[in-house]
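Here is a short briefing for a first look at this structure. Start with the view below, then read on by topic.

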Amino acid sequence: MHSASKSWLLLTGFILFYIIYLLLGALVFSSIERPVEEQLKNDIEALKQEFLNQSCVNATSLERFLVKVLTANKYGVSILKNSSVSSNWDLASSMFFANTLVTTVGYGHTTPLSDTGKAFSILYAVIGVPFTMLVLTACVQRLMFPLVHAPVGLFQRCGLDPRPATALHFTLLLVLVVLGFFVAPAAVFSMVEASWSFLDAVYFCFISLCTIGLGDYVPGEQPGQKHRPVYKIVVMVYLFVGLMTMYLLLRTFHKMADLHGLTSFLQLPRCEEAEPEEDREPIVEDGPEDQTPSSPYLTDKAASKPLDPGSQPSYNTINKG
């Protein structure tokens, strides 16, 4: 089997295993936490009825009531009737929690109620966080050629020098990321979430994709949210693709800084070339007479020849002119 096919097959296996891992985590979290949540809801409802049946409310009973209500609210259980219909630990919500756990976004709006759930969270994150980073890295490596190397090579073939070509490419990529993963999603969130303004939605996108996850804005938590399970899954996909895009943007900036000498000036490590050899093939094959040593991409003929590791052309070895 060709090495490119193996690489794509391995990446597909990683993504499928990642989805299965999230599903298994969601099933375990739901089975552990949902009964505890139901018990807490019953306790809060009983406390509410006891408080309402008191003929005379004193400061001590009021304080006791408020402490228990606020404690339950910290775990995502509200005393309000219209907020207690949906569960924070159904399958979709549990999968959303597992996703925020392994991506280190961690909004904190929903947290494990039981000691068993807390212990499982530790074990789940110990395995899930590095595996998620591995999947994101593998996806970005496969995207580097079509989204970074190929456009830069195209700009150079149009007559731009390497440095202006990389600067133009990074600027265009940055604009596309801002529009596609901040502005457009924010417009959607501001329409779906009735209490969010457009600025609130942009703020949520930034906090989430930077993995800050303050938790003051969490999608799908409005009372009576329509199609809540589907909405949660769509947000999960957005977070994963958005994190992958942010990593791609950072890696592109690092490579541009290498080419412009910024990393050398600041004495920082260079971004190592990690793309598979087949990803360095040019988009447009040049004839033998058009091949020059300064070309940043290999033709099929050149790629078939054994080369020393130090002679492999890369984004970092483009002539800085």
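At what angle do α1 and helix α2 pack, and how far apart are their axes? The angle is about 155 degrees, and the axes lie 11 Å apart. Angles over 145 degrees count as roughly antiparallel, so α1 is roughly antiparallel to α2. Keep in mind that this is a predicted model.

**Confidence**

- The protein chain has a mean pLDDT of 81. In that chain, 82% of the residues reach 70 or more.
- Among the elements of the chain, helix α6 (residues 198–209) has the highest mean pLDDT, 96. Helix α9 (residues 300–303) has the lowest, 38.
- Over residues 273–321, pLDDT stays under 50. The model still has 82 contacts beyond four places in sequence for these residues.
- Where pLDDT is low, the predicted coordinates should not be read in detail.

**Helices α1 and α2**

- Helix α1 covers residues 3–52, and helix α2 covers residues 59–74.
- The two helices, α1 and α2, cross in a left-handed sense.
- From α1, the residues in the contact are Leu40, Ile44, Leu47, Lys48, Glu50 and Phe51. They meet Ser61, Leu62, Arg64, Phe65, Lys68, Val69 and Ala72 of α2.
- By class, the contact of α1 with α2 has 8 nonpolar, 1 polar and 4 charged residues.

- Leu47 sits in helix α1.
- Is Leu47 buried or exposed? Its relative accessible area is 6%. Buried means under 20%, so Leu47 is buried.
- Leaving aside residues up to four places away in sequence, Leu47 touches Arg64, Phe65 and Lys68. Arg64, Phe65 and Lys68 are among the α2 residues in the contact with α1.
- Leu47 and Ile79 are 32 residues apart along the chain. Their C-alpha atoms are separated by 9.7 Å.

**Helices α3 and α7**

- Helix α3 (residues 91–102) packs with helix α7 (residues 228–259) at an angle of about 15 degrees. Their axes are 9 Å apart.
- Angles under 35 degrees count as roughly parallel, so α3 and α7 are roughly parallel to each other.
- The crossing of α3 with α7 is left-handed.
- On the α3 side, the contact has Ala92, Ser93, Met95, Phe96 and Asn99. On the α7 side are Arg228, Pro229, Lys232, Val235, Met236 and Leu239.
- The residues of this α3 and α7 contact divide into 7 nonpolar, 2 polar and 2 charged.

How values were computed. Residues are numbered from 1 along each chain as its sequence is written. This is a predicted model: local features need pLDDT of at least 70, side-chain atom pairs count only at pLDDT 80 or more; totals for chains, interfaces and linings use all residues. Side-chain values use heavy atoms; hydrogens and water are left out. Axes are lines fitted to C-alpha atoms, for helices over the stretch in contact, and angles run from 0 to 180 degrees between N-to-C directions. Helices (H or I, at least four residues) and strands (E, at least two) are DSSP runs, numbered from the N terminus. Angles under 35 degrees count as roughly parallel, over 145 as roughly antiparallel, 65 to 115 as roughly perpendicular and the rest as oblique. A crossing is left-handed if the near helix is turned anticlockwise from the far one by less than a right angle, and right-handed if clockwise. Contact means heavy atoms within 4.5 Å. Ala, Val, Leu, Ile, Met, Phe, Trp, Tyr, Cys and Pro count as nonpolar, Asp, Glu, Lys and Arg as charged, and the others, Gly among them, as polar. pLDDT is the predictor's confidence in each residue, from 0 to 100. Buried means under 20% relative accessible area, exposed over 50%, partly exposed in between (1.4 Å probe, protein chains only).
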